[in-house]
Structures are given as structure tokens and as C-alpha cells.
Amino acid sequence: MLSVEHVSKVYETRRGRYKVFDDVSFTLHRGRNLGILGRNGAGKSTMIRLISGAERPTTGHIRRGMRVSWPLAFSGAFAGNLTGLDNLKFVCRIYGIDYKPLQPFVEEFTELGAFFREPVWHYSHGMMTRLAFALSMAVEFDCFLIDEAMVVGDVRFHDRCHYELFEKRKDRSFILVSHDPEAIKKYCENAVVLHEGRLYSFPDVDAAYGFYLETLKANPEEIEV
Amino acid sequence: MRTSPTGIVDSSFFRSLAIQGRVLHALMMRELITRYGRDNLGVLWLVGEPMIFTIGVATLWSAAGLAHGGTGIPIVAFAVTGYSSVLMWRNAVGQCSAGIEQNKPLLFHRSVLILDVFLTRIGLEIVGATSSFIFLSFLFIFIGWMPPPENLLLLLGGWFMLAWFGGSLALLLGGGTAFSHLVHRLWHPIAYLLFPLSGAAFMVEWLPRKLQSVVLLLPMVHGVEMLRNGYFGNVVKTHYDVGYMAECCLILTLCGLYVVREASLRVEF
């Protein structure tokens with residue numbers, strides 16, 4: 001089980017302390033999933049970074065009773081002057097697994113060809129995203145953290161990600177953050193909404209969806225398509 | 001309590017130790033490839049860089065004919081011990097003060113801590129400086145440019161103290177960069193200013209009495225004096241207080257560990 005307990009996050013900015021959210025709590029059981037809806041700037045990505053453990057909450061606790069991934073397809077976690085293969089080895093060393101059995105999958109999925117043995121700084125954005133996604137799949141996590149804005153690519157990439165994540169690993173947990181309610185409706189069994197520093201829970205996705213539309217109406221000019 | 005790389009909270013000390021070992025190994029391999037690449041002489045540069053510096057300095061000093069007051073100290077040995085000890089306290093700090101920025105992406109992996117990044121860099125610098133010191137000493141002793149050391153144990157003691165000083169200062173200043181980038185900016189001028197005071201280019205005995213007590217406030221001066229006492233024996237009178245240096249290093253280590261812990265709470269992406 002993953003539990004987020006009374007978590008708040010404050011950033012120091014030039015104009016003083018900025019509270020992203022305050023006293024947020026929720027739990028996610030093994031095998032279940034959750035969508036987090038929120039407008040741009042609602043703190044969705046911050047929430048993902050806190051859950052992944054990359055950043056610490058200002059107050060409160062996050063307890064991870066299962067293996068939680070790093071933010072999925074996050075290509076920032078690469079060392080630019082290492083090759084794709086080096087980065088695979090690096091990740092495997094950290095997580096204490098053997099890279100050799102994983103190499104065929106990563107090479108096949110990323111479709112990098114000879115570039116797999118070139119430094120990552122020669123990669124295009126698409127190549128980088130594919131490598132990042134493949135490495136996230138290489139480690140067998142119990143819970144995947146997905147920031148929808150990061151998993152961008154062509155239709156083919158999208159379909160393959162969909163297959164790897166929602167079909168091959170449908171027994172796993174995931175948390176999907178998005179500003180697109182359709183994606184949440186499609187993949188998630190429950191959803192919460194981050195709005196103005198608070199987290200709102202609902203009995204089902206439709207209720208969350210309804211509330212989210214209300215928050216959008218507050219400032220109609222900010223509605224995203 | 002650390003979190004295991006798989007994310008399951010585990011308070012078992014040995015498990016945590018195993019994880020830290022894995023992370024340090026991964027970082028070490030990455031650092032080696034990043035810094036020295038896989039072509040040309042590769043890892044040899046770990047030794048090569050400090051070696052070129054030391055040979056250069058030794059040659060310059062020899063060419064300048066600095067007789068060091070006719071003390072009978074061989075100039076090459078003087079340069080090798082002096083410059084190697086500078087490398088010990090200067091490079092680790094330099095590497096760590098850039099460590100957080102350069103490794104930020106890797107901190108996205110929960111089990112990679114800022115402390116791991118620093119320990120890796122400190123370790124590599126110590127290995128590099130030590131290898132180059134050993135290699136140069138053997139080389140110069142073999143071709144007869146400098147005599148073998150008089151007291152190996154004392155020499156090792158001085159070397160260890162310098163490594164401790166460099167490592168603890170690196171933790172403190174490296175962690176400090178999370179609070180202010182000024183630390184990184186100011187280190188370069190400070191390192192240059194410290195160099196002539198560090199004991200690398202003089203023996204404390206040669207200084208006026210008043211200046212001696214001032215210079216001996218700097219912990220690394222004690223380390224260099226101890227190292228040279230080990231190398232030259234009683235050819236020259238040395239001034240050092242291991243207890244004082246150990247106290248300084250201990251305080252630096254504790255402050256450093258505290259600052260690094262605080263730094264890990266402040267890192268933002």
C-alpha cells in the first residue's frame with residue numbers, strides 16, 4: 001500500500017513562500033490505480049515527484065509499502081554523456097538487477113539501432129522518451145507513476161506504451177496525473193482533483209470529472225483542449 | 001531509516017549498506033566514463049592529470065633553482081609531497097561543489113542520495129591523488145631524482161589526515177552549494193589564496209615565529225608537515241599537532257554530514 005499522509009509542500013520563491021498544496025492525504029492499495037486531475041499549475045507534477053521520493057514533502061509522510069517507480073518516461077534522469085546501454089547498466093546497478101536479460105527488450109522497444117551505443121546527447125527528443133520509457137519498464141515496479149505530459153510521442157509509440165503498461169502490466173498499481181479528463185476516464189478506476197492547494201476525493205471518476213469541470217469554469221479562459 | 005531501491009521501507013542496517021554499496025558502485029562507474037571517457041587513455045587520466053601537474057611544478061621549481069635556504073631538502077621530493085597534498089584537499093572540494101548540479105538528474109532515483117554523490121567523488125579524488133603520488137614517488141626514486149621516504153608509517157599517517165581533511169571539507173562545502181551558489185563561486189578564489197598558505201611551498205620552520213602560529217591555524221599545514229616529517233625524517237624540523245588537525249577534521253565531518261542531510265531536503269527539480 002502507498003499512503004500519503006498530511007503532506008504539504010512549500011517552495012521558497014523570490015516573492016516569499018509559495019505553498020503548492022496543504023495537508024493532502026490519500027492511500028492507494030496494491031493492484032489499484034488512481035487518476036489525479038488538476039489544471040496547469042495545480043501541483044500534479046510536484047505530487048508525482050514527492051511520491052517518487054525525488055523530493056521530500058515539507059511536512060507529512062509518504063509511506064511506500066510497495067515498489068514505486070520513478071516518474072515514468074522521465075528522460076531527465078539520464079547522464080548525457082553515457083550511451084543508452086550505459087544508462088541501462090546504471091539503472092540496473094542501482095536497482096540491483098542484471099542488465100543482460102533486459103537488453104533485448106530495451107533495444108527492441110526503443111528502436112534505437114546503432115544509437116543504443118551512442119551518447120544520449122545525440123538523441124532526438126523522441127529517442128530519449130523511448131529509452132526512458134523502456135528503462136522504466138525494465139525494472140519490475142509494483143506501482144508506476146505516470147505524468148501524462150511526459151509520455152508524448154507518435155501514435156505508434158503511444159500504442160506500444162499502452163500495451164506495455166495497461167495490458168502487460170494491468171495487475172500493477174499506477175497513478176496517472178493529467179489535465180485531460182478523457183485519459184483519466186479511460187484508464188483509471190478512481191480519481192481525485194488537485195485544486196488550489198487542496199485534494200478532493202470522490203466516490204467515482206464521474207463525480208471527480210464533474211468537479212473538475214466546475215474548477216475549469218471558474219476561469220473559462222484557461223480551459224485546455 | 002533508508003528506503004530500499006525497490007521502495008519498500010527497510011530499517012535493516014545491512015540491507016541499507018548493500019543498497020548504498022550498489023549505488024556507490026553505479027555512481028563510480030558513471031563518473032569514470034563521464035570524466036575519462038572510454039577512448040584514449042581513459043581511466044589512466046585519474047592518475048595522469050595530477051601527475052602532469054606535479055611534474056610541471058617540480059620542473060618549474062627545479063628550473064627556478066629554489067634552494068630553499070640550503071636546507072638540503074631535495075627539490076623534487078619537496079614538490080611531489082607539496083603538490084600531491086594540495087591535490088588532496090583541493091580537488092575533492094572542487095568536485096563536490098559542482099556535484100549536486102551535475103548529478104541532479106540521478107537524484108530522481110530514490111536510492112541515490114547526495115551523500116552518495118559526494119562519497120563517490122571524494123573517493124575518486126583520493127584514489128587519483130594517491131595513485132599519482134605512489135606512481136611519481138616510485139618513478140622519481142627509481143631514476144634517482146629523490147630519495148626513498150624515511151618513515152613510511154608517519155608518511156601514511158600524514159596522507160590519511162590530508163585525505164580526511166579534504167573529504168570532510170568537501171562534504172561541508174558540497175552540501176553548502178545547496179544553500180547558496182556563492183559557495184561554488186567563492187571556492188575557486190579561496191583555493192588559490194589558500195595554496196600559498198597551505199604549506200605546500202614552504203616548511204613551517206622557515207617562517208618567522210609570529211607567522212608560524214598563524215599558518216598553523218590551517219589544519220592542512222599540519223598534514224603536510226607530518227607527511228614531510230615521514231618523508232624527510234629529521235633533515236628538517238617539522239611543526240605539527242595531529243590532535244589539533246583531528247579535532248578540526250572531526251568538527252568539519254560532523255558539520256559536513258549535517259549540511260549534506262539538510263541539503264537533501266532542499267533539492268528541487
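Q: How many bridges join strand β1 (residues 2-13) of chain A to β2(A)?

A: This is a predicted model, in which local features need pLDDT of at least 70, side-chain atom pairs count only at pLDDT 80 or more, and totals for chains, interfaces and linings use all residues. Residues are numbered from 1 along each chain as its sequence is written, while chains are lettered from A and ligands numbered from 1 in the order in which they are written. Helices (H or I, at least four residues) and strands (E, at least two) are DSSP runs numbered from the N terminus, and two strands pair if DSSP finds at least two bridges between them. β1(A) and β2(A) run antiparallel, and the number of bridges joining them is nine.

Q: Which residue in β2(A) stands opposite Val10(A)?

A: Look along β1(A) and β2(A), the antiparallel strands. Opposite Val10(A), on the β2(A) side, stands Lys19(A).

Q: Which strands stand at the edges of the open sheet of three strands in chain A?

A: The sheet has antiparallel pairing and the order β2-β1-β4. Each edge strand has a single partner, so one side of it is left without a neighbour in the sheet. Those strands are β2 (16-28) and β4 of chain A.

Q: In what order do the six strands of the other open sheet of chain A lie?

A: Here the pairing is mixed. β5 and β9 (198-201) of chain A are the edge strands, pairing on one side only. Read across, the order is β5-β6-β7-β3-β8-β9.

Q: Which residue in β7(A) stands opposite Ile36(A)?

A: Strand β3 (residues 33-38) of chain A pairs with β7(A) in the parallel sense over five bridges. On another pairing of β7(A), five bridges join it to the parallel strand β6 (residues 143-147) of chain A, where Ile146(A) stands opposite Leu176(A). For Ile36(A), the residue opposite is Val177(A).

Q: At what angle do the axes of helix α2 (residues 84-95) of chain A and helix α1 (residues 13-36) of chain B cross?

A: Axes are lines fitted to C-alpha atoms, for helices over the stretch in contact, and angles run from 0 to 180 degrees between N-to-C directions. The two axes come within 8 Å. The helices are roughly antiparallel to each other, because that label covers angles over 145 degrees. Their crossing angle is roughly 160°.

Q: Which residues of α2(A) make the contact with α1(B)?

A: Two residues are in contact if their C-beta atoms, placed from the backbone, lie within 7 Å. On the α1(B) side, the contact includes Val23(B), Ala26(B) and Met29(B). On the α2(A) side, the residues are Asp86(A), Phe90(A), Arg93(A) and Ile94(A).

Q: Which element gives the most to the side of chain A that touches chain B?

A: In total, 27 residues of chain A are in contact with 26 residues of chain B. The elements giving two or more residues to the chain A side are α1 (44-52), β4 (59-64), β5 (68-71) and α2 of chain A. The top contributor, with five residues, is α2(A).

Definitions and conventions
Angles under 35 degrees count as roughly parallel, over 145 as roughly antiparallel, 65 to 115 as roughly perpendicular and the rest as oblique.
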